[in-house]
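Subject: Structure for your review

Dear colleague,

Please find the structure below, together with its sequence. My notes on it follow.

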Amino acid sequence: MKEGQESSSTICHHHQQEINSSIVNQVQQLQEETRQVKDQLSAQVQQLQEEVKNQLLGLSQQVTQALQVPVATSGRGLETQSDLDTSIRPQDCYDLLRSGRNESGIYTIYPQTCGIPGERVAVWCDMGEREVDEGGWTVVLLRRPLSTQVNFNRGWRDYRIGFGSPDTEYWIGNDVLHALTSGAPQVLRVDMTDWDGESRFEEYSHFHVSDSDHEYSLRLGTGTETAGDALKHHDNMLSSTPDRDNDNHGELKPSLY
C-alpha cells in the first residue's frame, strides 16, 4: 500500500454511506407520499359522507311529503294529517271516513294505546257504499269465499299479532283489537251470509277487548238481535286458542272465544 491512496475498506465504507443515505431519502419520500394519499383518502371519505348525508336528508324530505295526507276538517279541528305528527294519525276507519275517504278498500290506521299512536296497521275499511248506515267500519275479521282459504286454526301467538291479508282473508290481531277498542267507544257489527246467499247482520252497542294480561277478554253491549245474537254467549269470556284453552267448554277450540 502506497501513501496517499485510500484503502479498499475506506472506499466500501463511503459507498455504504451513500447507499444508506439513498435508502433514507427513499423511505422519507414514501412516507410523504403515504401521508399525501392518506390525506386524499380522508378528504374523499369526508366528501362521500357529506354526499350520503345530503342524499338521506333529501330522501327523508321526499318520504315526509309522500306520507302527508290532506283531509277535511274533522271534529278535532284539524285540516291536515301528517305521519310526522303522531297525535293526528287516523286511529280507525271512521277517522278516515270523516276525512273524506268514502270508498271501501285497504287503508293504513294507527290505533292508539294509552293515547299514544301505535304501529301502522293495514286494514279493510267498509265505507258503507252498499249499506244504509254511513260506514266507517274497521274490519277486524274478514272471511271470503276463496278457492284457497286462509287457515284460521292457529295458536295464541298468531291470534295475538294477527294473520292473513286485508285483500283476501285476515284476523287483525288481539293486540290491535285491544288498542282499537280502548281508545274510544266502539260499536261491533257482524255481517253474515248463509249458504243460500242470504245476508244478515248483528250490531252491539258496545265492544271492548282487554289486554294480554287479562287474556283479551271480551265485553259486549246490547245486541239488536236481528241475527239471533249468538255472539252474546261469549260476553265476558277470555280469548281461547288450541294451545291456550280459556273457554268454558272443556275442549280445545280454534275460535277466538
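Strand 6 and strand 7 (residues 137-139) run antiparallel and are joined by three bridges; strands here are DSSP E runs of at least two residues and helices are H or I runs of at least four, both numbered from the N terminus, and two strands count as paired if DSSP finds at least two bridges between them. Within this pairing, Asp-126 has Trp-137 of strand 7 as its bridge partner. Strand 6 also pairs with strand 3, in the antiparallel sense and over five bridges. There, Gly-105 stands opposite Cys-125 of strand 6.

As to the basis of these notes, this is a predicted model, in which local features need pLDDT of at least 70 and side-chain atom pairs count only at pLDDT 80 or more, while totals for chains, interfaces and linings use all residues. Residues are numbered from 1 along each chain as its sequence is written, and side-chain values use heavy atoms, with hydrogens and water left out.

Cys-125 also takes part in a disulfide (a pair of cysteine sulfur atoms within 2.5 Å) with Cys-93, the sulfur atoms being 1.9 Å apart. The pair links distant parts of the chain, with Cys-93 in helix 2 and Cys-125 in strand 6, 32 residues apart. The link is left-handed, at -70 degrees about the S-S bond. A search of the whole structure finds one disulfide.

Leaving aside residues up to four places away in sequence, Ile-172 touches, among others, Val-121, Val-123, Leu-177 and Leu-180, a contact being heavy atoms within 4.5 Å.

Helix 4 (residues 174-183) is mostly covered, with seven of its ten residues buried. Leu-177 and Leu-180 are among them.

Finally, the protein chain averages a pLDDT (the predictor's confidence in each residue, from 0 to 100) of 75, and 69% of the residues score at least 70. Over residues 1-6 the pLDDT is below 50, and this stretch has three contacts in the model beyond near neighbours in sequence. Where pLDDT is low, the predicted coordinates should not be read in detail.

Yours sincerely

Definitions and conventions
Buried means under 20% relative accessible area, exposed over 50%, partly exposed in between (1.4 Å probe, protein chains only).
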